[in-house]
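Biologist: I'm new to this and would like a close look at just one part. Could you show me how the chains meet, in plain words?

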Amino acid sequence: MADRMESALNLERPGPGDGDLLRVEDLSVHFPVMGGGLLPRRIGSVQAVDGVSFSIRRGETFSIVGESGCGKSTTAMAVLRMQPVTSGRIWFDGEDITTWGPDAMRPVRRRIQTVFQDPYASLNPRMKVGAIIAEPLEVHRVGDSDARRRRTADLMKLVGLLPDMAERYPHEFSGGQRQRISIARALALEPDLVVCDEAVSALDVSIQAQILNLLMELQERLGLAYLFISHDLSVVRHISDRIAVMYLGRIVETGRRDELFSSPRHPYTQALLASAPSADPALEASRSAVALAGEPPSPRNPPAGCRFHPRCQAAFGPCSSRSPELVFEGDSAAVACHLFPPKA
Amino acid sequence: MTSLLDVEDLSVVFRTERGALTAVNSVSFDLAAGETLAIVGESGSGKSVTALSLLGLLGEAGRIAGGSVRFDGEDITRPEAERLRRIRGNQIAMIFQEPMSSLNPVLTIGEQVAEPLRLHKGLGRAEAMAAAGDLLERVAIPDARARLTDYPHHFSGGMRQRVMIAMALACQPKLIIADEPTTALDVTVQAQILDLLKSLTRDLNSGMILITHDLGVVARYADRVAVMYAGRIIESAPARELFSAPRHPYTIGLMGSTPRLASGPKARLATIPGQPPDLAALPAGCAFAPRCPHVREACRSAPPPVETDAGGRRLACYGHG
C-alpha cells in the first residue's frame, strides 16, 4: 500500500489538463475471490491492475503490451468505464470521469470508441451492415435518417468498403472486412480516442497488414489517438508512438517506441523482446536460446517485492522484499526496477 | 541424402455441401532425418490438411485423391489400418495447437503419458509410470514425478503443451508433426516450447514438420520452408534463401505484410490487395493471379508448373526470371 502511494507521488509529470487527452493515475482493479460453502464469502482478491499510471496525447498511439493475465485488457476496460475501478483516477480531456454515472458519461462515450479482437462476436448477426454502422448515430440521435444514410456511406468508403454492401449481413463478409465494419462503426461519432483491444490479433497476416495500414491512415486523416492493447511486439513496434510493458498488473517499463525497443532496461522487457521471433533467419541465428524460464505466477497471490523477481536473472537484495517504483527519466521513459533507482 | 519422408503429388479432396473441394492440390515435398521443414500459409491454404493427411486423420469427409506419401521408403497412403496405427503411435508423432482438447480431462497426466508406452512398447504399469516421470523431467516440468497424479486442469497451457511433447516423444518417433504448437501460448512460453522441441528433435535426429502462420517462428526454427496458397505449394526453399530473396509474388507479399521488429516508424506495410480465394471457386489459372501485381496472360489459363532450380528452390510462377 505504502509503495503505491509513493509511486503516485513520484510522478514527475505535471497535473491533468495540459494537453493530455487521457490520463490514468494510480489505477487499480481488484476482483474479489469468493470462497465456496453455503454462504459464499470473499476470501481474497485478484489484483488484476495495481497502481497503473499513463497518459495519451491527442493524435498519439499509446500501446500496452504484455502476456495473458498481465492486466492490459482490464486496464482498457477500466478506461472505458466497463469495469469498476478499485482505486485511482481517470481523466478524459481534463475532467475526472472516474465516478461519473451513465448520464454524465454519455457525451464522453461518443468520444471514446472501441475495436475488439473478434469481429465475429462483436457484430450483431441479425443486423445489416449499414444499420450496424449507423447504430451509434441513432443512439446518439445524430442527424435525420437521410443524413445518417449519407454518413454511413461515407464511413464505408473511408474504411475501404463499397457503400452498396450496406444491405448485406455480417456473415457475408470475411474476417478482415468485418474488422473494417467494426472500425467504421467506431468512427461514426468522430471519436478522439479509439481503444483497440487485440484488434488485429485474429487476422491472417496479409489482412492484418491491410488493417494496420488503415488504422495509421485514419489516424493521420482524423487526428485520432489510439490506446492499442496487444500481445504482439512486432505489431506494437510498428504502430506505436509510446509503449508501456505490463507484467502481473503493473507497468514495469514505459517509453518511446525506439528507446524501448533499442535499449530496453527492465529485465522483463529484455526477455520479452528476446522471446519474440523476428522474420529474419540471420538475426534469429545470432540469438541465444531460452530468454526466460518459468511462467508468470497467479495474480491472486503475486510475489512480494518486485513481482518479476522469482523469474529475474538480475534479482538481488531488495527485489524480494521491496516493490520498485516506476521512476521517470525525462518526460516519457520510466522503469520500475531496483537496478535503476531514482536519482538522489 | 535419403529422405525420411517423400510426398509426391499429394491431393486431398473434401466432400462439402458445395461440392468437392480440393484442399491440397498436387503437393510435393521431402524431409530428411534431423531436418525441420516449416509449412507456412494463411487460413485455408491447406497447411493443416496436408499434415493431417500424412497421418490418415482426414475424417469422414476427406480423402487422399492422388499422389503418394513414402515414409522410410514405404507408401503409407493406403496401408491396412493396423499398420497405420502402429506407425502413427510409434514412429510419427503429432502435436496440436490446443493441448487441452488433446488431453483427456478425467485421466491423470501420468496415466496419459504412460499409455503410449504400454501400448507401443509393451511396458508394465509401474515401469510405464516410472518412464512417464522421466519423460516429464525431460520436457522440464518442475517437480515432474510429484505431478504424475495431477489432472490436465491443474496445468497451465505451456505445461500442457510440455505434456503433449512428452507423449509425442515417448516412443522416440522418427517424424514429429507440430501443427501450430504454440499459437495459443504467450511469447515467452512459446520460445521455451519451441526451443525444447528443437533440442529434443536434434537429440533424436528426428525430422520435424512445423505448421505455422508465423514467419518469425519459421525464421527462428526452420531449415527449409514451403509456402502454401490455395492448396498448393507455390514456393519452397532453404529458410535463409527464402527470406533473403523471396521469388513468388505471394511470398514477397507475405513478407511485406509482416511487421518486423526492425521496421521503420509507422511505415506502411506492403500489403497484398484483395482477399484469399474461395476454394470452391478457384480461377482456371494460378490461384494468386487475381491478387498478383505481375499477372500476365499465361497466368489466367493454367496453373504454373513447379520448377526446381540448382539451389533446391521450387517455384510455381510464370512470371519469374
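Modeller: Let's start with the contact between the chains, then turn to one helix pair and the core. This is a predicted model, where local features need pLDDT of at least 70 and side-chain atom pairs count only at pLDDT 80 or more, while totals for chains, interfaces and linings use all residues. Residues are numbered from 1 along each chain as its sequence is written, with chains lettered from A and ligands numbered from 1 in the order in which they are written.

Overall, 37 residues of chain A are in contact with 38 of chain B (in contact: C-beta atoms, placed from the backbone, within 7 Å). On the chain A side, two or more residues come from each of helix 8, helix 9 (233-239), helix 10 (257-262), helix 11 (267-275) and helix 12 (281-285) (helices are DSSP runs of H or I, at least four residues, numbered from the N terminus). Helix 8 of chain A gives the most, with eight residues. That side of chain A splits into 18 nonpolar, twelve polar and seven charged residues (nonpolar: Ala, Val, Leu, Ile, Met, Phe, Trp, Tyr, Cys and Pro; charged: Asp, Glu, Lys and Arg; polar: the others, Gly among them).

Now zoom in on helix 8 of chain A. The axes of helix 8 (residues 205-222) of chain A and helix 10 (residues 249-257) of chain B come within 8 Å and cross at roughly 50 degrees (axes are lines fitted to C-alpha atoms over the stretch in contact, with angles from 0 to 180 degrees between N-to-C directions). These two helices are therefore oblique to each other (under 35 degrees is roughly parallel, over 145 roughly antiparallel, 65 to 115 roughly perpendicular, and the rest oblique). A:Val205, A:Ser206, A:Gln208 and A:Ala209 in helix 8 of chain A meet B:Gly253, B:Leu254 and B:Ser257 in helix 10 of chain B. By class, that contact has three nonpolar, four polar and no charged residues.

Residues from chains A and B also turn up in the largest nonpolar core, which has 180 residues (a set of buried Ala, Val, Leu, Ile, Met, Phe, Trp, Tyr and Cys joined through C-beta atoms within 7 Å; buried means 20 or more other C-beta atoms within 10 Å of a residue's own). Among the members touching the most others are A:Ala184, A:Leu227, B:Val113 and B:Ala166. Helix 6 (residues 157-169) of chain B supplies the largest share of this core, eight residues. Leaving out residues up to four places away in sequence, B:Val113 touches B:Ala132, B:Leu135, B:Leu136, B:Val163, B:Ala166, B:Met167 and B:Ala170.

Note on methods. A residue is buried if 20 or more other C-beta atoms lie within 10 Å of its own, exposed if 12 or fewer, and partly exposed in between; C-beta atoms are placed from the backbone. Two residues are in contact if their C-beta atoms, placed from the backbone, lie within 7 Å.
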